[in-house]
Amino acid sequence: MGEGEVIAEEKAKDISLKELSKKLEEFAKARDWEKYHSPRNLLLAMVGEVGELSEIFQWRGEVDRGLPNWEESDKEHLGEELSDVLLYLIRLADICGIDLGDAASKKIVKNAIKYPANVQ
């Protein structure tokens with residue numbers, strides 16, 4: 001693995017939602033795709049990707065945590081489909097003016113209140 005690949009790999013692990021959002025915006029602008037990125041279109045594209053993600057698990061039954069019995073190529077494919085869903089979700093939130101990190105943090109707090117831990 002070359003030095004550039006190591007740096008890219010390290011950066012990818014630490015990237016924020018805001019950084020991904022900026023990269024997605026730049027990607028769409030460079031290709032003049034912004035006109036296609038309406039909330040509806042992005043949502044439908046994301047649903048399509050969720051379908052592709054579902055296909056990976058469709059006939060496997062329950063799988064163990066960490067996917068120990070999966071081939072590396074299957075795990076790589078899963079990572080790609082998960083990434084597609086995440087990227088469409090981030091772009092959708094951005095187009096709708098929603099700070100996804102902030103919204104998710106607030107939702108975790110709401111869920112903690114709604115579903116308190118069993119403290120004994």
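Which residues line the largest pocket? In this predicted model, the lining of the largest pocket is made up of L24, F27, A28, W33, H37, L42, E49, D84, L87, Y88 and R91, and the pocket has a volume of about 230 Å³. Helices α2 (17-30), α3 and α4 each contribute at least two residues to that lining, with the largest share, 4 residues, coming from α4. Sorted by class, the lining of the largest pocket holds 7 nonpolar, 1 polar and 3 charged residues.

The second largest pocket, with a volume of about 170 Å³, is lined by L17, K18, S21, I90, A93, D94, G97, I98, D99, L100 and G101. Here α2, α4 and α5 (100-114) each supply at least two of the lining residues, and the classes are 5 nonpolar, 3 polar and 3 charged.

| Pocket | Volume | Lining by class |
|---|---|---|
| Largest | about 230 Å³ | 7 nonpolar, 1 polar, 3 charged |

The axes of α3 (residues 39-57) and α4 (residues 72-95) come within 9 Å and cross at roughly 160°; because an angle over 145 degrees counts as roughly antiparallel, α3 is roughly antiparallel to α4. The crossing of α3 and α4 is left-handed. On the α3 side the contact is formed by P39, L42, L43, A45, M46, E49, V50, E52, L53, I56 and F57, while α4 contributes H77, L78, E81, L82, D84, V85, Y88, L89, R91, L92 and I95. The residues of this contact of α3 with α4 comprise 16 nonpolar, 1 polar and 5 charged. Among them, L42 and E49 of α3 and D84, Y88 and R91 of α4 take part in the contact and are also found in the lining of the largest pocket.

The pairing of α2 with α4 has another geometry. The axes of α2 and α4 come within 9 Å and cross at roughly 85°, and since angles of 65 to 115 degrees count as roughly perpendicular, α2 is roughly perpendicular to α4. In this contact L17, L20, S21, L24, E25 and A28 of α2 meet L86, L87, I90, R91 and D94 of α4, and the classes are 7 nonpolar, 1 polar and 3 charged residues.

Note on methods: Residues are numbered from 1 along each chain as its sequence is written. This is a predicted model: local features need pLDDT of at least 70, side-chain atom pairs count only at pLDDT 80 or more; totals for chains, interfaces and linings use all residues. Side-chain values use heavy atoms; hydrogens and water are left out. Axes are lines fitted to C-alpha atoms, for helices over the stretch in contact, and angles run from 0 to 180 degrees between N-to-C directions. Angles under 35 degrees count as roughly parallel, over 145 as roughly antiparallel, 65 to 115 as roughly perpendicular and the rest as oblique. A crossing is left-handed if the near helix is turned anticlockwise from the far one by less than a right angle, and right-handed if clockwise. Contact means heavy atoms within 4.5 Å. Ala, Val, Leu, Ile, Met, Phe, Trp, Tyr, Cys and Pro count as nonpolar, Asp, Glu, Lys and Arg as charged, and the others, Gly among them, as polar. On a 1 Å grid over the protein atoms alone, a cavity is a set of points where a 1.4 Å probe fits but cannot get out, and a pocket is an open set with protein on both sides within 12 Å along at least five of seven lines; lining residues have an atom within 4 Å of a point. Grid points are joined across faces, edges and corners, and a volume is the space filled by probe spheres set on the points.
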